[in-house]
Amino acid sequence: MNACLTLRYRWAAIAMMLAGLTRSAAACSLVAPWEINDPLMIAFIGSPLADTVRAGDGSRRPVVAMGHSGNGAARVAYGQRVRVSRLGNRARKALPPGTREAVLVPWDYAADCRPVAWGRSARWLPDSLSGLFRARLRPRAEWAQGIPTFDITGAHFQPYRDAPRGADVSSREPRLSAHALLSFYDALPAWGREPDTFAGRDWINRIRADTALANRYPVTSLIDRAIEEFEIARARSVRVPVSGTFRLVERK
């Protein structure tokens with residue numbers, strides 16, 4: 001086959017792959033917060049309390065639509081209080097010194113992932129068992145009663161516990177303990193907009209060589225997602241040295 005034609009086929013394949021990635025990224029598909037490398041997420045270990053407080057919407061702009069836990073009717077947002085027992089390094093930097101409590105505001109979501117009001121009880125954590133929570137922190141002006149406040153979408157995933165149950169049964173692989181996972185997040189590098197594929201590969205190799213982490217959930221999922229990000233970054237970095245319109249001539 002002509003070299004120019006081969007080159008054009010390769011570039012067309014890359015373009016189709018990137019287009020497919022763009023479409024898939026726009027689809028609504030929630031992922032367990034344990035499997036996301038998001039430096040803006042704060043992780044801590046705590047125990048749910050029975051108290052609930054009025055929290056308001058914060059910066060959320062909920063829509064009235066059918067959700068996954070109710071009919072999505074407009075209502076005042078409440079959050080449940082959680083007693084904080086351990087903070088990771090990132091959490092200590094983001095939260096006020098001496099933080100002992102947090103408020104977790106659950107949110108439902110529509111088919112297009114837009115936020116929908118929570119349709120179940122404001123006390124959405126029914127027991128007091130300790131677990132690891134991970135979510136984004138609201139700006140301080142939007143905290144409920146001055147307590148650090150987090151918005152939780154996909155509340156059925158939370159919290160992460162040593163023994164999985166319900167929707168948190170994400171894998172049959174051995175799991176990190178909640179305390180080990182908290183420490184792991186502190187050491188998790190934040191990839192830039194265009195991940196460094198060489199640094200990423202080095203990180204993956206180091207983690208795979210660590211017998212305390214390798215083959216344990218959710219480390220395995222984070223590695224898989226990191227590989228996907230690096231492959232996307234590598235494809236986007238391809239520069240075709242030729243351009244223009246070509247005419248193929250059959251040689252006899």
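R136 and D38 form a salt bridge, with their closest N and O atoms 3.0 Å apart; the term stands for a side-chain nitrogen of Lys or Arg within 4 Å of a carboxyl oxygen of Asp or Glu. R136 lies in strand β5 (residues 131-137) and D38 in the loop between α1 and β1, so the pair ties together parts that are 98 residues apart in sequence. Helices (H or I, at least four residues) and strands (E, at least two) are DSSP runs numbered from the N terminus.

The model is predicted: local features need pLDDT of at least 70, side-chain atom pairs count only at pLDDT 80 or more, and totals for chains, interfaces and linings use all residues. Residues are numbered from 1 along each chain as its sequence is written, and side-chain values use heavy atoms, with hydrogens and water left out.

**Salt bridges**

- The count of salt bridges comes to six.
- D38 is buried at 11% relative accessibility, whereas R136 is partly exposed at 43%; buried means under 20% relative accessible area, exposed over 50%, and partly exposed in between (1.4 Å probe, protein chains only).
- E35 forms a salt bridge with R225, and the closest N and O atoms are 3.5 Å apart.
- E35 sits in the loop between α1 (3-26) and β1 (41-54) and R225 in helix α5 (residues 219-236), so this pair ties together parts that are 190 residues apart in sequence.
- E35 counts as buried, with 11% relative accessibility, while R225 is partly exposed at 31%.
- R114 and D112 meet through their side chains in a salt bridge of 2.7 Å, N to O.
- R114 is partly exposed at 45%, and D112 is partly exposed at 43%.

**Aromatic rings**

- There are four aromatic pairs, counted for rings of Phe, Tyr and Trp (its six-membered ring) whose centres lie within 6.5 Å; planes under 30 degrees apart count as stacked, over 60 as edge-to-face and the rest as tilted.
- One of the pairs is W34 with Y160, which is edge-to-face at 5.4 Å centre to centre and 65° between the planes.
- This pair links distant parts of the chain, with W34 in the loop between α1 and β1 and Y160 in the loop between β6 (149-153) and α3 (178-186), 126 residues apart.
- W34 is buried, with a relative accessible area of 0%, and Y160 is buried at 0% relative accessibility.
- F44 and F150 have ring centres 5.4 Å apart and planes at 45°, so the pair is tilted.
- F44 in strand β1 and F150 in strand β6 are 106 residues apart, and their pair links distant parts of the chain.
- F44 is buried at 1% relative accessible area, and F150 is buried at 1%.
- F44, F133 and F150 are linked by ring pairs into a cluster.

**Charge over a ring**

- R134 lies over the face of Y185, at 3.9 Å from the ring centre; the rule asks for NZ of Lys or CZ of Arg within 6 Å of the ring centre and within 35 degrees of the ring normal.

- D151 is found in strand β6 and counts as buried at 9% relative accessibility.
- D151 touches R60, V105, W107, A135, R136 and R138, leaving aside residues up to four places away in sequence; contact means heavy atoms within 4.5 Å.
- The side chain of D151 makes polar contacts with the side chains of W107, at 2.8 Å, and R138, at 3.0 Å.
- A polar contact is a pair of N or O atoms within 3.5 Å; within protein, one must be able to donate a hydrogen and the other to accept it, and residues adjacent in sequence count only if both atoms are side-chain atoms.
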